[in-house]
Amino acid sequence: MGFVSVWFILFCAVAVLLYYTLPKKWQWPLLLVASCAFYASYDLRYFGFIAVTTVSVYFAACRISLLRARQNSYFQEHPELEKDAKKAYKAKTKKKTWAWLIACLLLNFGILFALKYINFFIGNINAIISIFSESKIPTFDKLLLPLGISYYTFKTAGYIIDVYFGRYEAEKNIFKLALFTSFFPTLLNGPIDRFPLTAPSLFASHSWDEKRTRFALQRIMWGYFKKVVIADRLVVAVIAIVSDPEKYTGVMVAVGALLYAAELYCDFTGGIDITIGVANLFGVEVSENFLRPFFSKNIAEYWRRWHITLGTWFKDYTFYPLCTAKPVMKLTKFCKNKFGAGVAKRVPIYVASIVLWFGTGAWHGASWNFILWGMGNCLVILVSQELTPLYKRFHAKHPNIDGKWHYKTMCIIRTNAIMCCLRLFDCYKDVPTTFKAFGSIFAKPSFGLLTGKTFLGLGLSAADYIIAFAGILLIFAVSMIQRRGSVREMIAKKGFAFRLAVFALLFAVIIVFGAYGLGYDSNSFIYSKF
Amino acid sequence: MRSKVVLRAAICVLVFAFLFFCLQRLLMPKYTREAEEGRLTAEYYGSDKNHDVLFVGDCEVYENISPVTLWREYGISSYVRGSPQQLIWHSYYMLEDALRYETPKIVVFNVLSMKYGEPQNEAYNRLALDGMRFSSTKLKAIKASMKSEESLISYLFPILRFHSRWNELNSDDLKYMFRSTPQLSVGGYLMRVDTRPLNTDPPVGHQLMDYSFADICWEYLEKMRSLCEENGIQLVLMKAPTVAPYWYPEWESQIREYAEKHSLKYYNFLDHVETIGIDYTTDTYDEGQHLNVWGAEKLSAFFGKELAAIGAPDRRAEKDFAESWAKLCERYDAVKKYQLEILEQTGTITGFPVPE
């Protein structure tokens, strides 16, 4: 039961109906039942994995909370304790809580590694072994990859790390934690929510609210528009280009990169719009994952606006802890003595950035393409940081240029051009093909390929291109308006007839121009594979 | 305030439902310019439900059996429920659907589709099923016919299948958005008056690995027999006298054996071509694959005698029947005349042209 199916719409309709008609105390249990049913509709075997994660995280978090509570009550009962004794007790508690945290993270990331990365790992070991011998370690043919495993593993990892650091108490009700882990709208595309942000609305009682429902439905429709009208239309051309790198070289690689940028954005943000809209139908608030990323003026800003929850997860749980980790501090000190303060101040940032981007790349997929994609991002960001003095000198010479529209546009185009190049790793089947395709843009541009015949040979008709282009223009226009505030709020101020006409038109466009049905795989979201 | 919200919600639901309905009506294929046979299934519901003989099967019935000839020659009231490459489960559910409206005395099933043991083509499923009125029978028919890549919901809401027709829309889509397309068949029969002779020896089929009919075909034939038995209907099996696709002797013996086992009448008209008087140089419009109207009339005249002999009543003296059939005969003659005029003017016939 994918998002793009009548069954999903009916499923949500029934769930919403029950949610607001049943007694309020049953609202969150109903969401849990609905989430289980949604998960079961994919594969019953997935249950085991998500159950292991939920139970292990629940017990580890409770244990950590309990140990800390014991420590606090011990200190209250023994106010006479001296500082050293307190310190020793704290160290003992910390050791135990640390053990629980590490055990829990190892178990859950171990499952993720075993299911998602083991074959990639074995493949690389085999590549190394092949230099010396002909023997090979066999790979696993039929590994299950439970739906949303990357999302719920990271979500629950964030939760237990926060509990460990005492940012909040562990949830005492295992079923509530199970709902946080498995809340059905977030299973396909995330976002990677934080417990204290989602939990209050997830477990609270909600009364039906007309405006909230209206806004939620509008958001869902907007998501479907992006997904089925644009993304699922463009994917045909993107696949045609990247699956035939011998034929489509030079300028067509750049065309493919542009089309993929539009497809990826519409696919992922479309999925997130549906996710947030469906969650809002139940009065549940989940995190925003995008903030008009294509308007970013540099890569660092882009990553603050694209897949926000993944970026903040890595920042909060790898970047910052690594920057202040003891081994890194030691390395910094060593570098300061050997190479001076200039190098030393870069060490924690470089180390943490490399780990962060390696992790981000690996999160997206078990292949060198994704890892190099991550490292490419890292390189661009670090080089950009190194060039800061140069930028400063430039801005000192041109003090008012920041506010000029042509400078802003140039920065935006530059950012998107770099991102398009990096995304090529995501498109092509392997690293050599990616480099070859990228190189052909400069070595053999083949501008002669830019003909109607070439474009019509990509599996789309002229009308398809017009629809996709018009859709992209509409998204651009909406994004421009969003800078001044919520478009839905603006529409809400208009009369009922106008509002109805706007959304009836959007509905008709989705139904008629959507690329779904026989021959399409609309339920395949790019980010649900990660 | 609350009533205002409820009213607005109701208006929204109605507007969206109406829009959905209108778009569906607009985008559904009208089958006026191509694949005209897609109109056949729905046309049955507009007929007078007074049929003593019901034919079910593929093009071997709807292009080879002329109910008007059966009426004129023997006073037999009949109808052909056929569609292109109609599989045996389509035929079974067409029969079950027809029984919701009438109970004929004789059901004739053309056995060619026994050769297909699995759904063949989504397009043919659509041609057979989209015109069927909604009922539990339709649901069962859809489930039995769907290929793995198809979905039930797209049969219930065909716009989910045909929405991509937006770039193929023509004036007929608007014209017939809310009204029926012109009647195409006469009693379920599709006429062609032109001739493309078979000037060579009839084709012979290549050797097959396995000549056994699939279990599912036997299962549906058995279900059809039981359904007829339960409703006091005599089931008759037939094989039309068309030379392609090739009808293997091994298939023939399986059908004969089944017919004998269950005491069913079975007519293989390939064995009676000379008696019927079919001449493949004049009585076919596509080199022996389908009969033209002259061949269909000969076959129907021959088969009518047999049907009358096994209990199909002569209704010519009954006023209701006579009135109803007079209209059909008039239309039949008009179609024939219209096609002959086209043939004379252009020298060719495309599709199944009928006067407006």
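This is a predicted model: local features need pLDDT of at least 70, side-chain atom pairs count only at pLDDT 80 or more; totals for chains, interfaces and linings use all residues.
For chain B, the mean pLDDT is 93, and 100% of the residues reach 70 or more. Within this chain, confidence is lowest in helix α8 (residues 152-156) of chain B, where the mean is 91. The highest confidence in chain B is found in strand β3 (residues 106-110), at 97.

The size of an interface is often expressed as the accessible area lost when the parts come together. By this criterion, about 1900 Å² is buried between chain A and chain B, and 84% of that area lies on carbon and sulfur atoms. Of the area that chain A buries against chain B, 31% is supplied by Phe496(A), Val512(A) and Leu518(A), more than by any other three residues. In terms of contacts, 24 residues of chain A meet 21 residues of chain B.

A nonpolar patch on the surface is formed by Leu379(A), Val383(A), Leu387(A), Leu390(A) and Tyr391(A), which together have about 420 Å² of accessible area. At least two residues of the nonpolar patch come from each of two helices of chain A, α15 (368-386) and α16 (388-397). Leu387(A) is located in the loop between α15 and α16 of chain A. Because its relative accessibility is 33%, Leu387(A) is classed as partly exposed, a category that extends between the limits of 20% for buried and 50% for exposed residues.

Note on methods: Residues are numbered from 1 along each chain as its sequence is written. Chains are lettered from A and ligands numbered from 1 in the order in which they are written. Side-chain values use heavy atoms; hydrogens and water are left out. Patches are made of residues with over 30% relative accessible area and no salt bridge: like charges are joined within 9 Å, nonpolar side chains (Val, Leu, Ile, Met, Phe, Trp, Tyr) within 5 Å. Accessible areas come from the Shrake-Rupley method with a 1.4 Å probe; for residues, only the protein chains shown count as cover. A salt bridge is a side-chain nitrogen of Lys or Arg within 4 Å of a carboxyl oxygen of Asp or Glu. Helices (H or I, at least four residues) and strands (E, at least two) are DSSP runs, numbered from the N terminus. Buried means under 20% relative accessible area, exposed over 50%, partly exposed in between (1.4 Å probe, protein chains only). pLDDT is the predictor's confidence in each residue, from 0 to 100. Contact means heavy atoms within 4.5 Å. Buried area is the accessible area (1.4 Å probe) that two parts lose on being put together, summed over both.
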